[in-house]
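Here is a short briefing to read alongside the chain. Take a look at the structure first, then follow the points below.

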Amino acid sequence: MLLIENIKLAVNAIRINKMRSFLTMLGIIIGISSVIAISSIGASAQKAVEEQFNGVGAGYVYLMPNWYELDYMTSDMMFTMDDIEALRERFADDIEYSAPYAYNSCETKVGRTDATLTLIGVNAHYNEFATQIQIAYGRMVNERDVEGSLNSIVIPIEAAKRLYGKENAVGETIPATAFGSSADFNIVGVYEIPPSIFNSLDTSTRYTCYVPYSSVMRSDEYFDNLELYVKADKDVAQTAATICRYLERTKRLDENTYMYQSAEDQLVMINQVLGYLSLAIGAIAAISLLVGGIGIMNIMLVSVTERTREIGIRKSLGARTKDILTQFLIEAMILAIIGGIIGTGLGIGIAALGTTVAGTPLALNMQTIFMAVAFSAGVGLCFGFLPARKAAKLNPIEALRYE
């Protein structure tokens with residue numbers, strides 16, 4: 001009953017001084033809303049990155065010579081189609097896709113409209129593994145395209161609209177240059193990628209297109225990099241490392257001649273960076289919570305001074321020191337908790353607005369929200385203790401004489 005009475009007294013004191021109470025809570029509101037908005041936007045960015053990498057494929061592996069340790073490069077260290085065939089045969093139960101990583105950048109012009117194309121060489125049915133590529137019209141590169149080194153191309157829907165004024169550009173011809181020689185590519189497919197924070201901000205006229213790897217490879221038999229997709233039930237890192245060591249043994253090369261990068265590794269690195277960034281910015285924003293705590297302590301000290309006579313009357317009627325202490329602590333905590341609740345709502349609103357503008361789903365970090373509200377109550381407890389202690393220690397006789 002005494003606790004309920006103290007809560008009623010605290011609420012009544014806050015209601016009587018509405019403006020002063022709001023200004024007291026303002027530091028808490030700003031601090032909590034900043035922390036929650038930053039953490040939620042950071043969590044949303046991490047989720048968007050994860051979705052992008054899931055689109056690339058969790059089993060994606062990029063093999064290359066270990067440039068960090070190699071002092072020189074020989075043709076033996078480069079890959080050949082024989083290497084790919086050997087890997088397909090040796091690791092048939094582990095690999096579901098393999099191809100040389102071949103690419104070329106070129107300019108194109110259709111009528112008066114120009115654009116830059118990045119031609120990525122792929123094997124047949126690449127979109128079955130890189131699931132972020134959704135064929136809207138036509139088809140993906142197939143076995144016939146690869147075996148015949150055909151000039152087939154799959155372009156993004158944005159390029160189709162820019163160059164041809166329509167989404168379905170299948171059957172059109174697009175001029176391009178591969179390694180110094182001009183060629184006309186036949187559009188066999190138009191793809192689209194689900195909107196995300198990354199492509200929603202891209203306003204360039206550079207478009208990623210997919211062609212048979214055999215049509216953009218250099219005239220020699222060697223290539224520098226190799227793309228693989230490891231089967232879903234296999235350990236990506238272990239399989240990639242085993243493949244590297246296998247290639248080194250069969251080609252009689254030193255250990256660590258080859259290295260790999262996987263989508264999993266890159267995702268972990270990016271999430272770590274985003275996590276540290278959110279933590280650092282959140283810590284800076286949390287400083288305003290301390291400022292809000294100081295504001296609560298200041299106002300509570302003023303409140304103790306204003307209510308000295310009231311405290312004296314309560315003590316003379318039998319209120320104990322701990323009763324007065326509890327009363328003012330509860331009042332300080334209620335101020336902080338109300339500020340925390342308002343700040344939480346404001347922070348979620350800011351995060352929702354930011355993610356809507358960026359075009360990515362909102363991901364709320366519920367743990368951070370609960371911690372922020374609990375922290376605001378803790379701020380009220382800590383910074384309210386000194387004024388509450390001062391009130392509790394007032395001499396009732398002196399308090400009654402106070403004017």
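P100 has L226 in β10 as its bridge partner, in a model that is predicted. The two strands involved, β2 and β10 (residues 226-230), run antiparallel and are joined by five bridges; strands count as paired if DSSP finds at least two bridges between them. Helices (H or I, at least four residues) and strands (E, at least two) are DSSP runs, numbered from the N terminus.

**Ground rules**
- Residues are numbered from 1 along each chain as its sequence is written, and side-chain values use heavy atoms, without hydrogens and water.
- Local features need pLDDT of at least 70 and side-chain atom pairs count only at pLDDT 80 or more, while totals for chains, interfaces and linings use all residues.

**The open sheet and its helices**
- Four strands make up an open, antiparallel sheet in the order β2-β10-β1-β11.
- β2 (95-100) and β11 (258-262) are the edge strands; each has a single partner strand, so one side of each is left without a neighbour in the sheet.
- On average, neighbouring strands of this sheet are turned by 25 degrees against each other, direction ignored; axes are lines fitted to C-alpha atoms, for helices over the stretch in contact, and angles run from 0 to 180 degrees between N-to-C directions.
- Helix α3 (residues 81-90) lies across β2 and β10 and runs at about 180 degrees to β2.
- Helix α7 (residues 236-250) also packs on the sheet, touching β1 (60-65), β2, β10 and β11, with its direction at about 160 degrees to that of β11; contact means heavy atoms within 4.5 Å.

**Pairings of β8**
- Strand β5 (residues 134-138) runs antiparallel to β8 (residues 181-192), with four bridges between them, and G138 stands opposite G189.
- Strand β6 (residues 152-156) pairs with β8 in the parallel sense over five bridges, where I153 has I187 as its bridge partner.

**Buried and partly exposed residues**
- G312, in helix α9 (residues 308-316), counts as buried because its relative accessibility is 0%; buried means under 20% relative accessible area, exposed over 50%, and partly exposed in between (1.4 Å probe, protein chains only).
- G312 and A391 are 79 residues apart in sequence, and their C-alpha atoms are 9.5 Å apart.
- I30 belongs to helix α2 (residues 18-56) and, at 43% relative accessibility, counts as partly exposed.

**The chain as a whole**
- The chain has twelve helices and eleven strands, and 45% of its 403 residues are buried.
- Of the contacts in the chain with a separation of 6 or more, 78% are between residues 24 or more positions apart.
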